[in-house]
Amino acid sequence: MEYKYLNDINSPADLKKLPVTALPEVCAELRDFIIRELSHNPGHLGSSLGAIEIAVAVHYVFDTPNDKVVWDVGHQAYAHKILTGRRERFHTNRQFKGLAPFPTPLESEYDAFIAGHASNSISAALGIDLGNNTNAKKPHVVAIIGDGAMTGGLAFEGLNNASMTKNDLLIILNDNNMAIDPLKGGITQYLVDITTSKRYNKWRWDMYRLMVKLHLMDEHKTSRMRRFNTNLKTILTRQPNNIFQGMNLRYFGPADGHSVEDLVRILKEIKNHKGPKVLHLITKKGKGYAPAENDQTTWHAPGEFNVESGVRNQDSGQNSTLLWQEVFGETLLELAKENEKIVGITPAMPSGCSMTIMQKELPERVFDVGIAEGHAVTFSAGLASTGAIPFCNIYSSFLQRAYDNIIHDVALPKQHVILCIDRAGIVGNDGATHHGLFDLAYLRPVPNMTIAAPRTAEDLRAMMRLAVDYKGPIAIRYPRGRSYESGTKNPDMHVGKGICLKEGKDLAVLSIGAIGNVVSEAIEGLQVAHYDMRWLKPIDTDILDYVGTHFPKVVTVEDGVISGGLGSAVLEYFADKGYAAHVTRLGVNDQFVEHGSTKELYSLLHLDKQSICESLLQELEK
């Protein structure tokens, strides 16, 4: 599509050639471009629509890529990508071998730091700022934190360090009162309280500009004037200074994050100020597209949609089975109705993990703790210590951020916390930062931890029901996408016990989790045995003893890293027992897996039906 300005912007240098009065039209064109592109190539729509003016203003004022910009969270950075030479390739965003789903230095020099998870921008940007202290021409460093990332504890660790260190960091707080779902909690309300003090904030900003103009404020007088400003605010508003000022961070705002000309003016006025500073901007998620503004949760990542009508293209194929997350959500509500001790905990993902199903009927027993995975786990442990039965649902890749909490607060004291690990395995287009490939390997060495992986929807229900009466920590991991149904309503489920799915000879396949369904398809017509192990820890030693003594060849299959997972557990047991069976492990080798569709990636990893069949045939022929 032809645009007046956007077609000629291939770098921030091109943007800077335009008069500031042209920038609103540039923003409008970016908004139209993103909406049209994402209508047929799905991605994170709402967040990026809300941050367009910020991206334009930052690249207009700062000398990128010499000046460094760290985005957090990464899914608000589509306008940034388009302005930095990736417009012509943007149609490949999140596609196999195409543009990465989030900013990464591996893709562009304009991406100062990786931004797949949340809340890391302040820490990373502070390190970049201090690391450049010896440069003759020290670059400006900007951290753009938003879309719920300010609820993460790491953000406050970064703020604390910035307040006590000599640095010139600029922190732009993109405050839209949202993550994927509406934000709740003290920090959110606190930002609302700051925002509503409009009269004082306007007066303070006007006074600041006047004093600079009259040369009554300069960098040598900054500390003195800051103390005067803080005391004056306390007198005039009878409110304590806000948390940023209390940490000795210069605070500007709140300002309208969608007035690009005002943003340019503000950034030009504060960019050269010495010391750490915070610019607080108010934005609207989904800005400029009515359907996204009116239903911000759904339009965070809406899939394909019709631009003109705003109607989403719903998944109409193979809807006979529920999504795995829906199986979890429905089962959790069912169990919670039976047992009043059951509570649900999620770190800002109630809709993503379908805990909204319980939240709608039993809202007082569901806790959305914000983007704070470590807190979610320790909070769950605290609940468990009182006799509550917490189901703590966290995506596999995000649970990595809570590893110490799992070991110290859950496993060591044997707290009855049920970790429901969503998005395990390959998740598709969100790529390396979101694939859940490590949970089996990083949980297996933890003492007192029990680990399960359902192959079918019925297995997940049975494992969740069993977990209610289990004593001690238990983790249940399941993938993204549609579940498989076996038709067995009440499977015989016992901790540490697998099941034989198919008898055979010469070769035995041991699988764990939903990938076992792919194995079942791959071995049709082959005379091989197939065992669904169900539990990685404790592993079914009866099955291993039988397989180790009856089969010369064994193949393990898992949708996680090979090192430390099911295959490693089998090899270790066989070595300890002295079994001579030859073991071949299928899984993910020592690598980070790129982005693409799940079909493309399973083929790439040789874990699709055809590849597994070929691997088994090769073993049989040896």
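1. Glu-361 touches Leu-333 and Lys-337, residues up to four places away in sequence not being counted. The model is a predicted one. Glu-361 belongs to helix H15, which covers residues 356-361. Between Glu-361 and Leu-333 there are 8.2 Å from C-alpha to C-alpha, for a separation of 28 residues in sequence. The relative accessible area of Glu-361 is 45%, so this residue is partly exposed.

2. Nonpolar cores. The largest nonpolar core has 55 residues, and Leu-45, Val-56 and Ile-172 touch the most other members. For Ile-172, with neighbours within four places in sequence set aside, the contacts are Ile-54, Val-58, Val-142, Ala-143, Ile-144, Ile-145, Leu-267, Leu-279 and Leu-281. In soluble globular proteins, nonpolar side chains tend to be buried together.

3. The five-stranded sheet. An open sheet of 5 strands has the order S12-S14-S13-S16-S17, with mixed pairing. Its edges are strand S12 (499-502) and strand S17 (582-588), each of which pairs on one side only. On average, neighbouring strands of this sheet are turned by 25° against each other, direction ignored. S12 and strand S14 (residues 529-532) run antiparallel and are joined by 3 bridges. Ile-499 has Asp-532 of S14 opposite. Helix H25 (residues 609-621) lies across strand S13 (507-511), strand S16 (553-561) and S17, and runs at about 155° to S16.

4. The seven-stranded sheet. Here 7 strands form an open sheet, again described as mixed in its pairing, in the order S7-S6-S8-S9-S11-S10-S15. Strand S7 (366-368) and strand S15 (535-537) are the edge strands, and each pairs on one side only. Strand S9 (residues 418-422) and strand S11 (residues 474-477) run parallel, with 4 bridges joining them. Within this pairing, Ile-421 has Arg-477 in S11 as its bridge partner. Helix H20 (residues 457-468) packs on the sheet and touches strand S6 (342-346), strand S8 (389-395), S9, strand S10 (450-452), S11 and S15. The direction of H20 makes about 170° with that of S11.

5. Aromatic pairs. The count of aromatic pairs is 16. The ring centres of Tyr-395 and Phe-398 are 5.6 Å apart and the planes meet at 15°, so this pair is stacked. Tyr-395 is buried at a relative accessible area of 9%, and Phe-398 is buried at 13%. The rings of Tyr-403 and Tyr-442 have centres 5.4 Å apart and planes at 75°, so the pair is edge-to-face. This pair links distant parts of the chain, since Tyr-403 is in helix H18 (residues 403-411) and Tyr-442 is in helix H19 (residues 439-443), 39 residues apart. Tyr-403 is partly exposed at 29% relative accessibility, whereas Tyr-442 is buried with a relative accessible area of 13%. Elsewhere, ring pairs link Tyr-3, Phe-33, Tyr-78 and Phe-90 into a cluster.

6. Charge over a ring. Lys-271 lies over the face of Phe-62, 5.2 Å from the ring centre.

7. Backbone points to check by eye. Most residues other than glycine have a negative phi, and most peptide bonds are trans. The peptide bond from Thr-64 to Pro-65 is cis, with omega near 5°. Pro-65 is placed in the loop between helix H4 (52-61) and strand S1 (68-72). Another cis peptide bond joins Lys-537 and Pro-538, where omega is about -5°. Pro-538 lies in the loop between S15 and helix H22 (541-550).

8. Positive phi. Lys-414 is not a glycine, yet has a positive phi of about 60°. Lys-414 sits in the loop between H18 and S9, and is exposed, at 54% relative accessibility. Arg-534 is also not a glycine and has a positive phi of about 65°. Arg-534 lies in the loop between S14 and S15. The relative accessible area of Arg-534 is 4%, so this residue counts as buried.

Terms used: Residues are numbered from 1 along each chain as its sequence is written. This is a predicted model: local features need pLDDT of at least 70, side-chain atom pairs count only at pLDDT 80 or more; totals for chains, interfaces and linings use all residues. Side-chain values use heavy atoms; hydrogens and water are left out. A nonpolar core is a set of buried Ala, Val, Leu, Ile, Met, Phe, Trp, Tyr and Cys residues joined through side-chain atoms within 4.5 Å. Buried means under 20% relative accessible area, exposed over 50%, partly exposed in between (1.4 Å probe, protein chains only). Contact means heavy atoms within 4.5 Å. Helices (H or I, at least four residues) and strands (E, at least two) are DSSP runs, numbered from the N terminus. Two strands pair if DSSP finds at least two bridges between them. Axes are lines fitted to C-alpha atoms, for helices over the stretch in contact, and angles run from 0 to 180 degrees between N-to-C directions. Rings of Phe, Tyr and Trp (its six-membered ring) pair if their centres lie within 6.5 Å; planes under 30 degrees apart count as stacked, over 60 as edge-to-face and the rest as tilted. A charge sits over a ring if NZ of Lys or CZ of Arg is within 6 Å of the ring centre and within 35 degrees of the ring normal.
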